[in-house]
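Here is a short report on one protein model and its ligand. Start with the site, then step back to the chain.

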Amino acid sequence: MAPMWTFALVRLAGILLLGLFLGLIFGSPWLWVVLAASAYLAWQLSNLYRLDRWLRRRSQLAPPAIGGIWGDIISQVVRLHRRKRFHKQQLVQLFRELRKSTAALPDGVIILSGQREILWFNRPAGRLLGLKRPIDIGLRIDNLIRAPEFAGYLQGEDFSVPLVIRPSIRLDQYLALQLVPYGPGQSLLLARDVTRQMRLEAMRQDFVANASHELRTPLTVISGYLDTLAEDAGLDRAWEGPVRDMRAQAQRMNAIIADLLELSRLESADGEAPREPIDVPAMLERLRTDALSRTEPPRVISLEIATARWLYGAASEVESAFTNLLVNALKYTPVEGSVQMRWWADGDAACFSVIDTGIGIPAEHIPRLTERFYRVDPGRSRDQGGSGLGLAIVKHALQRHGGWLDVESSEGKGSTFTCHFPPQRVYERG
Ligand code: ADP
């Protein structure tokens, strides 16, 4: 037991003994004991009263000067209070710093509740999205940013990539919005002005499209002359080889230009692909017939239609994606190998796979395959007449349909390329 408690008990015993002693001298000893106990109680009550008064008006009054147990309790309260004040000051300081730094950020920051209501936003967010304080605090963000793609983005689950929108308050501006979930249900919405990057990207796309377009006409003329020369029976034998090579190179350039134009058309097409019904099984039958008519196809080219589903989309884009995958499989599979096409249902989604037993792709190359001009073996791709743009076209065409490409491959054994189409694009017939 702490010494002050022993002292307090000894003092109480002393007071009661004093009462008993006085009672023995003056008579009625129990009355004197009760009187002594009452005096002790009154003293403790007065200490309690002083403590209570100080606690209620702590900011104005100095702590009461009481010794013993009461003194110890008072000094503990003072210590606790000081510690609390210190932490509070630190928190307030931290909060001010945070507010100052987020206000100084060039990007907009909005704190959203679990119901997507605005709890707080910094000044750039107000400027970029036209939010006003205090009237917009507490309102749902999707009622203030009315772009339809933003509502879809909020309902989704993948926020790893920002969404680019054109805000209704300034249509010449592009904003990248990204949701960053934190804590239970709460999230941050980051807004960044990406107008400059989007303009540069548009300039790059225009440049590629224009350059390809400009190259097309002279190349058509050159190819025409080369075709005539190749068919000329009177051509000097020494020229036959060079003319054949020149024709092959001109064909390659034509293929690259056609792919570049196709890619820039896909990139510059705004938003999602249209929703025409596409008879995918019939399209795949046609692709197989075309593949079989190639000069040296792999011996087995099979087609499995495991679902009767159709798609909603742009037929030319879907056909271009499927053709690119099939042509690649045929290019990179030896004659004794096999290529299988599969059209199948995955839950409510629909998938198209091209499975080959060709050369396969080393794992480290797979993540980069859809980059423009990326080739695992540039020499081999050129020999096969590849432009290096086929998979970039597939990726863009799928993106415009809300789909994605999945690649599995094992070097020397073969590859499986799968196009996934979301349920919204699936046309369930009859
Ligand atoms: P390319 O015109 O060179 O075929 P793509 O963009 O279509 O360009 O493909 C990129 C690269 O991916 C190719 O150069 C090739 O190395 C590799 N590739 C694509 N499909 C296959 C496949 N089925 N088997 C092996 N490698 C492939």
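## The ligand pocket

The ligand sits in the second largest pocket. A pocket here is an open set of points on a 1 Å grid over the protein atoms alone, with protein on both sides within 12 Å along at least five of seven lines. A molecule sits in one if more than half of its atoms lie within 2 Å of its grid points. The elements that give two or more residues to the shell around the ligand are α10 (315-331), α12 (390-399) and β12 (414-421). Helices (H or I, at least four residues) and strands (E, at least two) are DSSP runs, numbered from the N terminus. The largest share, three residues, comes from α10.

This is a predicted model: local features need pLDDT of at least 70, side-chain atom pairs count only at pLDDT 80 or more, and totals for chains, interfaces and linings use all residues. Residues are numbered from 1 along each chain as its sequence is written, and side-chain values use heavy atoms, with hydrogens and water left out.

## Shell and contacts

The ligand is surrounded by 21 residues (a heavy atom within 4 Å). The closest are Asn328, Asp356, Ser381, Gly388 and Leu391. By class, the shell has ten nonpolar, eight polar and three charged residues. Ala, Val, Leu, Ile, Met, Phe, Trp, Tyr, Cys and Pro count as nonpolar; Asp, Glu, Lys and Arg count as charged; the others, Gly among them, count as polar.

Which atoms face the ligand's oxygen and nitrogen atoms? A polar side-chain atom of Asn328 lies 2.8 Å from a ligand oxygen. An N or O atom in the Asp356 side chain is 2.9 Å from a ligand nitrogen. Gly390 places a backbone N or O atom 3.2 Å from a ligand oxygen. The protein covers 97% of the 530 Å² of accessible area that the ligand has on its own (Shrake-Rupley method, 1.4 Å probe).

## The whole chain

The chain has twelve helices and 13 strands. Its radius of gyration, taken over C-alpha atoms, is 41 Å, well over the 22 Å that the globule rule (2.2 Å times the number of residues to the power 0.38) gives for 430 residues, so the chain is more spread out than a compact globule. The C-alpha trace spans about 155 × 50 × 45 Å along its principal axes.

Gln44 is in helix α2. Gln44 and Thr195 are 151 residues apart in sequence and 75 Å apart in space, C-alpha to C-alpha.

## Backbone details

A cis peptide bond joins Arg133 and Pro134, with omega about 0 degrees. Pro134 is found in the loop between α4 (123-129) and α5 (141-144).

Ser28 lies in the loop between α1 (3-26) and α2 (29-56). Phi of Ser28 is near 55 degrees, a positive value in a residue other than glycine.

Conventions: A polar contact is a pair of N or O atoms within 3.5 Å; within protein, one must be able to donate a hydrogen and the other to accept it, and residues adjacent in sequence count only if both atoms are side-chain atoms. On a 1 Å grid over the protein atoms alone, a cavity is a set of points where a 1.4 Å probe fits but cannot get out, and a pocket is an open set with protein on both sides within 12 Å along at least five of seven lines; lining residues have an atom within 4 Å of a point.
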